[in-house]
Amino acid sequence: MYRFLASTRWVGWLVLVAIFATACVSLGNWQANRREQVLTGIERVNRNYFADPVSGAQALDKFKVLPEEKTWMTVKLTGTYLSDDTRIARNRIKAGRPGYEVLVPFRTTQGEVVIIDRGYLPIGDEENGHPDTVPAPPSGNVTVLARLKPSEVRLDRGAPEGQIASIQLEDYAQQVDYDIAQGAYGIMYQESPAPASAPQPLDAPDMDEGPHLSYEFQWYAFGVLAFVGFWYAARQQKKLNAEDAAELAEAKALGFDEPVHKVRKVRAKQEKKFRRDGSLTDEAIEDAMLDDTPQSPSDSR
């Protein structure tokens, strides 16, 4: 009963179903990989974000080259801010609101200069494209606790004087006349002595793994449903073939060699002769009367 599956048409449909299911599995695997990356990032945050800060050469080495697994590690630095070279990073987001971040070079007691992100400033009301005020960092000797992030990618767009489009440390280094560490920058979360006013602290990293798991299962389900749909269509075709075979057998019993449509036509003609109560229809009575009426000689001619 399923011999029709070997036909070119049904083989073609099966190939298309297989291709679709393969694509669904690939997309499901891609979502699984995305989820694994997100979970790795969350685990990294949990491991580094609240760890005890490191200091000295161990901390400064990470500003030069920051391994991915050390992102968000905490460091403790002592030195002075070089506030004359403050820069404002544009198009930053905090709690869904656009604004700026304040970047200040920091010369450590070891002589190395690193970039410290002191926090967020909202969009100003006084001048378009600039914050209203930029709080000054503490002067003199300062102890800073910060969390490390890698240098950002370079954006192909400009920025007003004193601002940068992204925290791209190589570009920052070209705007000052001394060397700075270009592997990472620090997001300040504590200063001592504390200033009278300071930028707003940045938001903690997102710890939500997102909908990747549900999307993964959905793509796998779509791949399975494609074969279920193919099986259902084959079952329906088998049913139709069985009905046609039964009608063919009935047609042969009635003397038809080209059966199915003729059997249906005969059935329809027979059904029209009788009403539901079994009596003849008006059309059937009229046909019977015409059949019983003798033909005139002209009619025979």
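**Charged pairs and their surroundings**

Tutor: Start with Arg154, which counts as partly exposed at 48% relative accessibility. The cut-offs: buried is under 20% relative accessible area, exposed is over 50%, and partly exposed lies in between, with a 1.4 Å probe and protein chains only. This is a predicted model, so local features need pLDDT of at least 70 and side-chain atom pairs count only at pLDDT 80 or more, while totals for chains, interfaces and linings use all residues. Residues are numbered from 1 along each chain as its sequence is written, and side-chain values use heavy atoms, leaving out hydrogens and water.

Now the partner. Arg154 forms a salt bridge with Asp171, with 3.0 Å between the closest N and O atoms. Arg154 lies in the loop between β6 and β7, and Asp171 lies in helix α3 (residues 169–173), so the pair ties together parts 17 residues apart in sequence. Asp171 is partly exposed too, at 23% relative accessibility. Two rules apply here. A salt bridge is a side-chain nitrogen of Lys or Arg within 4 Å of a carboxyl oxygen of Asp or Glu. Helices (H or I, at least four residues) and strands (E, at least two) are DSSP runs, numbered from the N terminus.

How many salt bridges come out by this rule? The count is 10. In general, side chains of opposite charge can pair when their charged atoms come close.

Next, Glu152. Glu152 forms a salt bridge with Arg92, and their closest N and O atoms are 2.6 Å apart. The two come from distant parts of the chain: Glu152 is in the loop between β6 and β7 (163–164), Arg92 is in strand β3, and 60 residues separate them. Glu152 counts as partly exposed at 21% relative accessibility, whereas Arg92 counts as buried at 12%. The pair also belongs to a network: salt bridges link Arg92, Glu101 and Glu152.

Then look at Arg118 and Glu191. Their side chains meet in a salt bridge at 2.9 Å, N to O. For Glu191, the relative accessible area is 10%. Strand β8 covers residues 184–192.

Glu191 has another partner. A polar contact of 2.6 Å joins the side chains of Glu191 and Tyr81. The Arg118 pair also counts as a polar contact, at 2.9 Å between the side chains. That term means a pair of N or O atoms within 3.5 Å; within protein, one must be able to donate a hydrogen and the other to accept it, and residues adjacent in sequence count only if both atoms are side-chain atoms.

Asp125, Glu126, Glu127 and Asp132 form a negative surface patch. Patch members have over 30% relative accessible area and no salt bridge; like charges are joined within 9 Å, nonpolar side chains (Val, Leu, Ile, Met, Phe, Trp, Tyr) within 5 Å. Asp125 sits in the loop between β5 (113–122) and β6 (142–150). Asp125 is exposed, at 73% relative accessible area.

Now the backbone. Most residues other than glycine have a negative phi, and most peptide bonds are trans. Check Asn91: phi is positive, about 55°, and the residue is not a glycine. Asn91 lies in strand β3 (residues 87–94) and is partly exposed at 48% relative accessibility. Ala95 also has a positive phi, near 55°. Ala95 lies in the loop between β3 and β4 (97–108) and is exposed at 63%.

One peptide bond needs attention as well. The bond from Ser192 to Pro193 is cis, with omega near 5°. Pro193 is in the loop between β8 and α4.

Last, two approaches between C-alpha atoms. Thr109 and Thr80 are 8.0 Å apart in space and 29 residues apart in sequence. Thr109 lies in the loop between β4 and β5 and is exposed, at 57%. Val224 and Ala21 are 203 residues apart along the chain, with 7.0 Å between their C-alpha atoms. Val224 belongs to helix α4 (residues 212–253) and is exposed at 53%.

Conventions
Areas by Shrake-Rupley, 256 points an atom, 1.4 Å probe, with all protein chains shown as cover. Lys, Arg positive; Asp, Glu negative; His and termini not counted. Charge placed at Lys NZ, Arg CZ, Asp CG, Glu CD.
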